[in-house]
Amino acid sequence: MAEIPQGGFTAPKGIPEYVGPEFTAVRDTLVREADRAGYAHLELPVFEDTALYARGVGESTDVVSKEMYTFADRGGRTVTLRPEGTAGVVRSVIEHGMDRGTLPVKLRYQGPFFRYERPQAGRYRQLQQVGIEAIGVDDPALDAEVLAVADAGFRALGLTGYRLEITSLGDATTRPAYRAELQRFLEKLDLDEDTRERARINPLRVLDDKRPEVREQLAGAPLMVDHLSDEAAAHHRKVLGYLDDLGVAYTENPWMVRGLDYYTKTTFEFVHPGLGSQSGIGGGGRYDGLMAELGGPALSGVGFGIGVDRTLMACHAEGLEVAPARRVEVFGVPLGEAARDRLVGIVGQLRRGGIRADLAYGGRGLKGAMKAADRSGARYALVLGERDLDGGVVQLKDLSDGSQTEVPLDGAVAAVDRALGS
RNA sequence: GUGGGUGUAGCUCAGCUGGCAGAGCACUGGGUUGUGAUCCCAGGUGUCGCGGGUUCAAGUCCCGUCACUCACCCCA
């Protein structure tokens with residue numbers, strides 16, 4: 001642990017930093033699957049009016065009530081670093097009238113989100129997500145598409161140890177009655193003060209309690225899936241049918257609860273065992289009331305958010321190599337200043353030709369330069385010394401087997417091209 | 001917000017019941033006056049997290065404090 005910062009500065013608490021290609025490889029793989037299904041990139045603000053989240057996500061949620069980074073800007077407006085993506089997307093769709101074109105509006109986003117929590121394995125204050133939203137059409141096939149896109153992303157990374165859990169939270173026609181019934185059930189149980197309070201504010205969340213003594217008492221609890229409206233039940237059956245058609249495996253989990261208030265009908269979570277005490281690598285669902293709640297037309301929507309940090313953790317847990325360590329393909333090794341001057345130009349030419357290339361800078365010795373070439377992961381080294389310069393040649397060395405061929409200095413770029421092409 | 005664990009070299013860590021601060025990796029140079037990944041030799045760094053206390057003597061024991069970390073909670 002680097003607790004003694006050399007310069008006195010450290011990254012803010014709970015924020016992971018990534019060096020190297022792995023993080024972007026995971027993120028880009030997930031994004032690619034969204035592109036493949038026709039979701040357009042949407043670049044969103046990283047902070048919004050605090051009221052957007054209070055209204056959209058729900059005052060009673062933990063996210064809003066105690067995890068937001070909220071502050072006043074210089075104009076006295078109260079803003080909040082975005083804790084999730086859906087509210088911002090919906091706001092943008094309404095603001096720009098995107099719902100007036102062809103429906104559904106299919107959008108994807110990526111980037112950092114912020115929640116003020118105690119950090120631990122797989123839980124960060126700045127977390128990275130890739131998400132998609134499909135707004136404006138209440139079609140169970142769209143729910144299935146969203147799930148299939150997420151599933152395809154995980155598969156493309158080579159993940160096999162995850163599971164999709166799914167249920168339905170019903171709709172506004174039957175949820176209030178169910179909620180009241182659940183509350184009556186919970187009132188009779190022997191629960192601690194915090195849990196009783198939660199039962200009062202958001203009884204659904206009590207169902208998700210992990211403590212054995214609570215779980216036991218919940219055994220006979222009424223479940224939402226048994227109280228669905230005819231329409232919601234039909235929708236749910238159709239979604240599961242499409243998932244079968246799409247070859248997406250799932251497990252029904254009627255106990256599942258989400259932390260955000262806007263979900264209706266289809267609700268899901270992708271879980272993975274390799275994340276420490278966290279389990280979700282992605283989650284989402286349908287939100288049929290959110291557009292109207294935020295002042296837009298009464299259109300439905302469905303989407304997911306995938307945690308890139310956690311997905312990377314899952315890849316590590318499964319021992320997957322998510323990105324090649326090879327930084328460059330060719331490495332220039334100069335002996336002396338004249339050779340270095342010449343290689344600077346050659347490396348530039350290689351890069352212009354689309355070949356990843358690097359050079360031993362700083363006038364280190366031959367041995368050190370060769371070592372740098374080795375560490376770079378390059379397949380070839382271009383070794384150039386005084387004798388070569390005099391003869392108008394350069395040594396092209398294959399670092400995997402140590403073989404070396406002499407090529408004309410003028411034809412160095414072409415020779416590298418040929419070597420890499422073979 | 002509530003608990004537990006850990007702070008020693010750039011990194012990963014060892015250092016027993018107090019007695020001269022160590023190893024591996026990495027880095028640099030040499031063995032090879034022009035060849036890496038292997039091998040051999042050499043080289044350097046430490047406010048032992050910080051502050052106090054006990055002691056002839058503290059990395060080691062005690063108190064405090066900060067940081068990191070894991071877990072509860074919650075979620076991506």
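**Exercise 1. Find which atoms of RNA strand B lie close to the side chain of Glu-117.**

Solution. Start with Glu-117: an N or O atom in its side chain is 3.2 Å from a base nitrogen of RNA strand B. That is a polar contact, a pair of N or O atoms within 3.5 Å. Next, take Gln-278. A polar side-chain atom of Gln-278 lies 3.5 Å from a base nitrogen of RNA strand B. Then go to Gly-307. Here a polar backbone atom is 3.2 Å from a sugar or linking oxygen of the RNA.

The model is predicted: local features need pLDDT of at least 70, side-chain atom pairs count only at pLDDT 80 or more, and totals for chains, interfaces and linings use all residues. Residues are numbered from 1 along each chain as its sequence is written, chains are lettered from A and ligands numbered from 1 in the order in which they are written, and side-chain values use heavy atoms, without hydrogens and water.

**Exercise 2. Describe the surface near RNA strand B by class.**

Solution. First, count: 52 residues surround RNA strand B. Near means that a heavy atom of the residue lies within 4 Å. Second, sort: 12 are nonpolar, 17 polar and 23 charged. Ala, Val, Leu, Ile, Met, Phe, Trp, Tyr, Cys and Pro count as nonpolar, Asp, Glu, Lys and Arg as charged, and the others, Gly among them, as polar. Third, find the top contributor: H13 gives the most, with six residues. Helices are DSSP runs (H or I, at least four residues), and strands are too (E, at least two), numbered from the N terminus.

Notes:
Polar contact = N/O pair within 3.5 Å; in protein donor to acceptor, adjacent residues only side chain to side chain.
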